[in-house]
Amino acid sequence: MKRKINEMKLRLPAISVNEAVARSVISAFVAELDPTVEELGDIRCAVSEAVTNCIVHAYRQSHLGDENPIYISVRLYDNREVSIEISDNGCGIEDLELARTPCFTTGESGERCGMGFLVMESFTDSLSIKS
């Protein structure tokens with residue numbers, strides 16, 4: 001049975017500079033597990049995409065976008081497993097199945113490529129999405 005060996009919680013404003021902050025902080029935190037370069041790259045890409053999606057989409061209808069938080073929780077386990085949860089209190093996703101469709105976006109046509117969930121899935125062992 002796996003045992004949690006460390007945990008971190010982070011709260012950041014939903015502003016674009018914090019995508020790099022989240023990626024860097026999480027990378028440093030998981031270093032305790034001595035990840036390979038490939039594993040670290042996968043984590044960084046998945047985190048970047050998740051945080052960017054929160055920044056771009058979650059608070060798009062709010063005039064308080066800079067003041068709305070992104071919550072990040074990272075857990076490390078003794079079997080070298082990492083659990084990362086990224087959440088927000090934004091507008092939600094109306095149709096999760098449709099949102100997971102490649103090229104679907106809520107942005108203006110041509111503004112976004114709509115590959116966020118596909119990117120996250122390709123860099124993780126499992127991905128769970130709730131709205």
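Contact here means heavy atoms within 4.5 Å. The legends below use the term in this sense. This is a predicted model, in which local features need pLDDT of at least 70, side-chain atom pairs count only at pLDDT 80 or more, and totals for chains, interfaces and linings use all residues. Residues are numbered from 1 along each chain as its sequence is written, and side-chain values use heavy atoms, with hydrogens and water left out.

View 1. Helices (H or I, at least four residues) and strands (E, at least two) are DSSP runs, numbered from the N terminus. From that end, the order is β-α-α-β-β-α-α. Of the 131 residues, 30% are buried. Buried means under 20% relative accessible area, exposed means over 50%, and partly exposed lies in between (1.4 Å probe, protein chains only). The accessible surface comes to about 8,200 Å². Carbon and sulfur atoms hold 50% of that surface. Accessible areas come from the Shrake-Rupley method with a 1.4 Å probe; for residues, only the protein chains shown count as cover. Take the contacts with a separation of 6 or more: 64% of them join residues 24 or more positions apart.

**View 2. L10 on strand β1.** Strand β1 covers residues 4-13, and L10 is found there. L10 counts as partly exposed because its relative accessibility is 21%. Which residues does L10 contact, leaving aside its neighbours within four places in sequence? They are V25, I70, Y71 and I72. L10 and V25 are 15 residues apart along the chain, and their C-alpha atoms are separated by 9.2 Å. I72, in β2, is also the bridge partner of L10.

**View 3. Strand β2 and its two partners, β1 and β3.** Two strands pair if DSSP finds at least two bridges between them. Nine bridges join β1 to β2, and these strands run antiparallel. Seven bridges join β2 to β3 (residues 82-88), again antiparallel. Within this second pairing, I70 stands opposite D88 in β3. Is β2 mostly covered or mostly open? It is mostly covered: eight of its nine residues are buried. In a regular strand the side chains alternate between the two faces of the sheet.

**View 4. The largest nonpolar core, with 17 residues.** A nonpolar core is a set of buried Ala, Val, Leu, Ile, Met, Phe, Trp, Tyr and Cys residues joined through side-chain atoms within 4.5 Å. I26, V51, I70, I72 and V74 have the most contacts inside this core. The elements that give two or more residues to it are β1, α1, α2 (37-58) and β2 (69-77). Helix α2 gives the most, with five residues. I26 touches M8, I43, V47, I72, V74 and I84, not counting residues up to four places away in sequence. In soluble globular proteins, nonpolar side chains tend to be buried together.

**View 5. E19 on helix α1.** Helix α1 covers residues 17-30, E19 among them. Is E19 buried or exposed? E19 is buried, because its relative accessible area is 15%. Beyond residues up to four places away in sequence, E19 touches S48, V51, T52 and I55.

**View 6. C54 on helix α2.** C54 has its place in this helix. At 6% relative accessibility, C54 counts as buried. The C-alpha atoms of C54 and I86 are separated by 8.5 Å, and the two residues are 32 apart along the chain.

View 7. With a relative accessibility of 62%, D34 counts as exposed. R80 lies in the loop between β2 and β3. The hairpin of these strands has four residues between them. R80 counts as partly exposed, so its relative accessibility of 41% falls in the middle class.

**View 8. K2 over the ring of Y77.** The charged end of K2 sits 4.5 Å from the centre of this ring. A charge sits over a ring if NZ of Lys or CZ of Arg is within 6 Å of the ring centre and within 35 degrees of the ring normal.
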